[in-house]
Amino acid sequence: MIVHRIAAFTSGAHGGNPAGVALCEELPDAGTMQAVAAEVGYSETAFAAPAENGWRVRYFAPEVEVDFCGHATIALGAALAQREGSGTFGLQLNRAEITVDGYQSAAGWGASFRSPPTHSRRVPAALVDEALALFGLTHGDLDGRVPVAMASAGADHLILALRDRHTLSAMRYELQKGGDLARREGIVTFSLLYAETPHLFHARNPFPIGGVYEDPATGAAAAALGGYLRDLAWPHQGSIAIQQGEDMGVPCRLLVDITEQPGAPVSVSGIVRAIHEAAAP
């Protein structure tokens, strides 16, 4: 099995969140995919095999399978474009069917996916208090324009919007406690945000349920945020940009296009770069 190592959502020629991509004739058993993902060591590895209407895809973090991963989908779309030529590829996920547009040319290499349908919901006050305590935050640190909520675009992400950039930069938490809370509440990532303008967000995404302290770029969370902002009637005028990974020294940029239809899929785009390739056991 060849695992392509691709950094997704790069900022120019730099940064990007590494993902593994394995293009298979048939998907291996879940135990094998989990072991390969742990060996690769990235926050996600996507495994894809030809299916009747495109490609059957499963995503594995080092410690757990997840139903959807945005940056690995961008990496997968780019890998498919490299192999099959630029185009639109249908993806059959565990709980949804989506598409990814991959392209490769002299002008650039990247992809754009359309997320699963989006939805959001308010969360109990006790969960808000527990999440704030996890990160050493108070209610006064929150941006009231974007209330705490669970936002989903194929997976649940807990939105914590902060009032200032410094508080976001200072983010700290205990991985074990975060993992316990995430498993109990079904939280794939904690999405900590700062809105510099209505169109530009800075983000940090702890991923403790997957054994990852922080993701430098999180396409699934970006799609969930886009759907939530639409639910809030945020003045995004159709699109936002997300800068992520800066506090990790891994600059990433995600572009999110949001239609007006409630619950409709959100498009997330980014460019990629190859890291290297290696044979997995």
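Predicted model: local features only at pLDDT ≥ 70, side-chain atom pairs only at ≥ 80, totals over all residues.
Residues are numbered from 1 along each chain as its sequence is written, and side-chain values use heavy atoms, with hydrogens and water left out. Local features need pLDDT of at least 70 and side-chain atom pairs count only at pLDDT 80 or more, whereas totals for chains, interfaces and linings use all residues.

A search of the whole structure for disulfides (pairs of cysteine sulfur atoms within 2.5 Å) finds zero. For Cys24, the nearest cysteine sulfur is that of Cys69, 16 Å away. For Cys69, the nearest cysteine sulfur belongs to Cys252, at 12 Å. Cys24 is buried, with a relative accessibility of 8%, and Cys69 is also buried, at 6%; buried denotes under 20% relative accessible area, with a 1.4 Å probe and protein chains only.

Strand β7 (residues 97-105) pairs with β8 in the antiparallel sense over seven bridges, where pairing requires at least two DSSP bridges between two strands and a strand is a DSSP run (E) of at least two residues, numbered from the N terminus. The two strands form a hairpin with two residues between them, and Gly102 stands opposite Ala111 in β8. Strand β8 (residues 108-114) is largely enclosed by the rest of the structure, because five of its seven residues are buried.

The lining of the largest pocket comprises seven nonpolar, two polar and four charged residues; Asp, Glu, Lys and Arg count as charged, Ala, Val, Leu, Ile, Met, Phe, Trp, Tyr, Cys and Pro as nonpolar, and the others, Gly among them, as polar.

Terms used: Buried < 20%, exposed > 50% of the residue type's maximum accessible area, 1.4 Å probe, protein only. Helix = DSSP H or I, 4+ residues; strand = E, 2+ residues; numbered from the N terminus.
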